[in-house]
Amino acid sequence: MNKLIFNEMLKIIRKRKLIVVVAIMVVLISLFTYAQFREVQRQIEKLGDVDWRTTLQQQIVDTQNRLTSSGISDEWKAQLQIRVQQQQYYLDNNINPAEPGAPTFVRSFAQESITLFVPLLIMIIAADIVSSERSAGTVKLLLTRPVKRWKILLSKYIALLLSISIIVVLMGVLAYLISGVVFGFGGWNAPVLTGFTSIGGELNTSNVQLIDQWQYILMEFGLVWFVAIVVGTLSFMLSVLLKSTSASMGVMLAALIAGLILSNLVSSWQSAKYLFMINLDLTGYIAGSSPPVPGMTLLFSIGVLSIWAVGALLISFSVFVRQDVY
Amino acid sequence: MTEITLSIKGLRKKIGKREIIKGLDFELKSGEVFGFLGPNGAGKTTTIRMLVGLIRPTAGSIQVCGYDVKKNFVKAMSHLGCIVENPELYPYLTGLENLQHFSRMIPNFDSNHLEYVIKLVRLQDRINDPVKTYSLGMRQRLGIAQALLGKPKVLILDEPTNGLDPMGIREMREFIRFLAEKEGLTVLVSSHLLSEIQLMCDRVAVISKGKVIKVDTVKNLLHFQEQLVWKVSPVEEGKKLLQTVTTVKLDKENRLVTPLSDKSSSWNHMLVEHGIEVHEIQRKVPALEDLFLELTGGESVE
């Protein structure tokens, strides 16, 4: 089995898939770092003051002004209200929600990337791991070895899990190193508040805890890793079912983007909460933003995602073991 | 050395409602090259894919060295090597890496065997180059090398000379003969090119529309068909005369065709005595083309 996994890793690396993913990460993280840097510059120019309390107060005023305008949807209004209350809570407790430094960048980057950026990177590897063997015809050589089919598929799945883990870890490391050059490397122990919940548009602060930033980042990356595995498993299933890599990429991409759009629309459609793409924003729960459908919790989403992943695995294996290869 | 290495009984495959393979039976012995001959679409590739476990048969059994492909897949496959259609290897890996990749899938692989196989297919000079730089002939040889990695007793090659130049075809043919005669392998070769099968096979199964029409040695099939072609004038009188002693047909070029017989010299004598000029007597070894046309009742072959 180890030898089979070695084979699969060899193919992923020699096909330069991992290098492509790393290159994309380096380019995009640099871009985001620069954008963040410009934003900070702009605020210093505008307020002429670097004290975070002034900045935060200004942000709260800005958001409240937006809330009074009539052209925004109810869902968005609820989101903004929660955010204002959170910011007020930070201000009241004299805690800076955006302590300057690389760890803060890493924290917000992980939060933003969980619904689309990370799934996209994972798809690059997962979507072709089986279908490329079929389109190139090498699957015929692979399946005529004295090895059972389920072992071959399992070795591919384990290689995928390894690649996902490498990507998630590298993402954290790269985000830290690249943004650290601009914002400085300190700030691991900055205090962060977590445990906000929202009930009917009101912020509930009864369970709020103060933790160190590194603990928060660790939690975030655990969730990013979990989402990456779920998305990877679903792409893996599509890769088994569909003969072409571009078809499986297309289907997955459509589902992810539909998820982003739906998240802002479905608050009145209860059963949408069982769709996997609505549940991807796990970091939103620990940050305390309001869920797409009221009543969804972190555990609920993890449960839904797990069921989807297990189902995808079952389908992948039962199809792959039985199917006729032409 | 005449143990049965591959045995196929009552093999059938249905796809949807259409039955593509309608009951195949044959047995292959060690040390022989067995031809699997039929026009495109006769079911050769489907059959081969069933033999190597890529497609599940609807009915029937396949045994490799006594192990059932369905019930004992791992054991059966460890005695079998194959190339199905084109030898599709990983183009981004080198030849050596490809072979190492497949050798890691063989239990208790002996790494000395890798060098032996590379030398056998004469790829030692280019083995460290990426496969995407290989010519088709080299890919075909690398394909055979990977098929031989597991020291198989049965080698299945689907259209092994497809796309090769005449030199490559000859090399491939000699190599296949060598494997059967010196290494004692059973080699199953499929082809729609009758001349190929004729030149390299000991026995042949003729297949058409999912059925085996005939299984026999190449020699027998050819002997059975040998004929004499007579060029005489006047043709009509010659024909009448020969009809008194044997069956005569008139071919397209206005020549008389009779079965091969040891009495042909007396027939000749008779024609000359009756004042008929005999310009030419030719012994015709028929190509499998003719045989195939006769067996299948005129279905066209490339």
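Q: What does contact mean here, and how many residues does the contact take from chain A and chain B?
A: Contact means that heavy atoms lie within 4.5 Å, and by that rule the contact takes 28 residues from chain A and 27 residues from chain B. This is a predicted model, in which local features need pLDDT of at least 70 and side-chain atom pairs count only at pLDDT 80 or more, while totals for chains, interfaces and linings use all residues. Residues are numbered from 1 along each chain as its sequence is written, chains are lettered from A in the order in which they are written, and side-chain values use heavy atoms, with hydrogens and water left out.

Q: What is the area buried between chain A and chain B?
A: Buried area is the accessible area (1.4 Å probe) that two parts lose on being put together, summed over both; between chain A and chain B this is about 2,900 Å², with carbon and sulfur atoms giving 60% of that area. On the side of chain A, the residues that lose the most area to chain B are A:Lys140, A:Arg145 and A:Pro146, together 23% of what that side buries.

Q: Why is the pair A:Arg14 and B:Glu97 called a salt bridge?
A: A salt bridge requires a side-chain nitrogen of Lys or Arg within 4 Å of a carboxyl oxygen of Asp or Glu. The closest N and O atoms of A:Arg14 and B:Glu97 are 2.4 Å apart, and therefore the pair meets the rule. The count between chain A and chain B is four salt bridges.

Q: Which helix gives the most to the side of chain A that touches chain B?
A: Helices are DSSP runs (H or I, at least four residues), numbered from the N terminus, and α1(A) gives the most to that side, with seven residues.

Q: What is the angle at which the axes of α9(A) and α10(A) cross?
A: Axes are lines fitted to C-alpha atoms, for helices over the stretch in contact, and angles run from 0 to 180 degrees between N-to-C directions; on that scale the axes of α9(A) and α10(A) cross at roughly 145°, coming within 10 Å.

Q: What makes the peptide bond from B:Ser233 to B:Pro234 worth noting, cis or trans?
A: The peptide bond from B:Ser233 to B:Pro234 is cis, with omega near -5°, and B:Pro234 lies in the loop between β11 (227–233) and α9 (235–243) of chain B.

Q: What is phi of A:Asn94, and where is A:Asn94 found?
A: Phi of A:Asn94 is near 60°, a positive value in a residue other than glycine, and A:Asn94 is found in the loop between α4 (74–92) and α5 (102–113) of chain A.

Methods. Helices (H or I, at least four residues) and strands (E, at least two) are DSSP runs, numbered from the N terminus.
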